[in-house]
Amino acid sequence: MEKKNIIIFFGGCSSEYSVSLESAAGVIRNLDREQYCPIPVGITRQGDWYYYTGTVEQIAADTWYADSAHCVPAALSPCRSFHELLVYGADSLQKIPVDAALPVLHGRNGEDGTLQGLIELAGIPLAGCGTLASALCMDKDRAHRLVSLAGIRAPKALVLDMSMAGNRILTIELSQAFAGQVGYPLFVKPVKAGSSYGVTKVVSSDQLETAIELAFTYDNQVILEENIPGFEVGCAVLGTNELITGEVDEIELSGGFFDFTEKYTLKTSTIHVPARISDSKAEEIKLAARRVYRALGCSGFARVDLFLTPEGEIVFNEVNTIPGFTEHSRYPGMMKAAGLSFPEVLDRILKQALAGEK
């Protein structure tokens with residue numbers, strides 16, 4: 001059987017650059033080399049593309065770009081008749097055939113539809129969510145609105161944009177009025193960012209302005225959300241035409257919230273998979289996750305994050321269209337609990353892309 005050439009995009013011009021390196025290393029390590037040949041393409045923090053031929057360890061350690069002998073400038077061919085990676089050597093142009101592309105980038109300029117649009121424009125089969133779904137899922141405000149229309153509750157919210165940021169008095173008045181409606185604590189987040197960058201749990205009015213200023217450093221829109229009591233649960237979804245769900249997981253917090261540090265170190269948090277809930281509630285969560293996935297037009301794979309209140313109500317949080325992909329990440333963990341190993345998950349993701357499932 002002829003191996004398929006799969007571009008693995010990693011890095012990215014994003015605050016989540018370092019997270020992408022860990023995920024990409026996990027993907028490359030677990031790719032079935034009997035079926036697939038990884039073509040790593042690294043994107044620097046500045047947005048420069050390189051065809052990378054060094055070790056996986058250098059990707060994870062963020063020393064890949066320092067190894068200039070293994071980094072050659074590259075770009076996707078925009079010609080839909082030839083699916084190729086163009087590699088620009090000092091005195092030559094190498095053309096590497098491409099069968100599919102798997103972006104393993106998080107946040108802006110990689111998970112938000114920008115890279116997906118470029119891949120789709122080039123006519124290359126895309127593994128994962130398409131341009132529109134990627135953009136919608138990155139936008140917390142619009143994702144919440146669409147999911148609410150699908151009949152699943154989303155947190156009450158207020159959105160502020162950059163034009164308001166210049167009017168301090170208006171911003172504070174609107175924010176305090178919203179806080180008066182939903183009470184404290186509440187959350188302040190960038191509308192379009194991931195990995196909890198720029199997110200603050202606000203417990204009193206004197207923290208509100210600082211939290212808003214921080215969120216505005218990550219995006220031109222900021223969202224204030226009511227606090228949802230209970231705990232967070234997640235559901236890994238795989239597929240396009242037919243959907244498979246992993247086992248539901250549960251985030252147990254000892255305090256605070258699931259911020260960047262907790263997500264990637266679990267210093268004071270524990271992830272339980274399967275979640276410590278009844279089988280019937282787990283099935284209800286899986287059904288809700290599939291409804292969210294369909295409502296936002298997801299395809300390929302995604303992780304749907306929800307809240308479960310003490311009364312048993314399911315409330316939408318967000319969708320990660322490119323969730324963490326290390327051996328210890330939540331998405332592979334939920335799929336493993338459902339009987340699918342990491343290499344099997346990657347194989348299914350790539351096979352549906354190669355089959356042209358949209």
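## Thr240 and its loop

Thr240 is buried, at a relative accessible area of 6%, where buried stands for under 20% relative accessible area, exposed for over 50% and partly exposed for what lies in between, with a 1.4 Å probe and protein chains only. Thr240 sits in the loop between β12 (231-239) and β13 (243-245), and a polar atom of its side chain lies 3.0 Å from the backbone nitrogen of Gly300. Helices (H or I, at least four residues) and strands (E, at least two) are DSSP runs, numbered from the N terminus.

This is a predicted model, in which local features need pLDDT of at least 70 and side-chain atom pairs count only at pLDDT 80 or more, while totals for chains, interfaces and linings use all residues. Residues are numbered from 1 along each chain as its sequence is written, and side-chain values use heavy atoms, with hydrogens and water left out.

## Ser14 and its loop

Ser14 lies in the loop between β1 and α1 and is buried, with a relative accessible area of 12%. A polar atom of the Ser14 side chain lies 3.0 Å from the backbone oxygen of His106. Leaving out residues up to four places away in sequence, Ser14 touches Arg45, His106, Gly107 and Arg108, contact being defined as heavy atoms within 4.5 Å.

Val27 lies in helix α1 and counts as buried at 0% relative accessibility. Not counting residues up to four places away in sequence, Val27 touches Ile8, Leu102, Val104, Phe325, Phe342 and Leu346. The C-alpha atoms of Val27 and Gly324 are separated by 9.9 Å, although these residues are 297 residues apart along the chain.

Helix α1 (residues 17-30) packs with helix α12 (residues 342-354) at an angle of about 90 degrees, their axes lying 9 Å apart. That makes α1 roughly perpendicular to α12, the term used for angles of 65 to 115 degrees, whereas angles under 35 count as roughly parallel, over 145 as roughly antiparallel and the rest as oblique. Gly26, Val27 and Asn30 of α1 meet Phe342, Pro343 and Leu346 of α12, and by class this contact has 4 nonpolar, 2 polar and no charged residues.

## The nonpolar cores

A nonpolar core is a set of buried Ala, Val, Leu, Ile, Met, Phe, Trp, Tyr and Cys residues joined through side-chain atoms within 4.5 Å. The largest such core has 35 residues, of which Ile8, Trp64, Leu102 and Tyr331 touch the most other members. At least two residues of this core come from each of β1 (4-11), α1, β3 (49-52), α2 (56-60), β7 (100-103), β12, α11 (330-337) and α12. Apart from it lies another core, of 26 residues, among them Ala275, Ala288, Leu306 and Val319.

Beyond its neighbours within four places in sequence, Ile8 is in contact with Ala24, Val27, Ile28, Pro38, Ile39, Pro40, Val41, Leu102 and Val104.

## Helix α11

The buried residues of α11 are Arg330, Tyr331, Pro332, Met334 and Met335, and they pack against β12, β13, β14 (249-253), β15 (269-272), β16 (301-308) and α12. Just after α11, Gly339 takes a positive phi of about 105 degrees.

## The α4 and α5 pair

Helix α4 (residues 131-138) and helix α5 (residues 140-149) pack at an angle of about 100 degrees, with 5 Å between their axes, and α4 is thus roughly perpendicular to α5. Leu136, Cys137 and Met138 of α4 make the contact with Lys140, Arg142, Ala143 and Leu146 of α5.

Definitions and conventions: Axes are lines fitted to C-alpha atoms, for helices over the stretch in contact, and angles run from 0 to 180 degrees between N-to-C directions. Ala, Val, Leu, Ile, Met, Phe, Trp, Tyr, Cys and Pro count as nonpolar, Asp, Glu, Lys and Arg as charged, and the others, Gly among them, as polar. A polar contact is a pair of N or O atoms within 3.5 Å; within protein, one must be able to donate a hydrogen and the other to accept it, and residues adjacent in sequence count only if both atoms are side-chain atoms.
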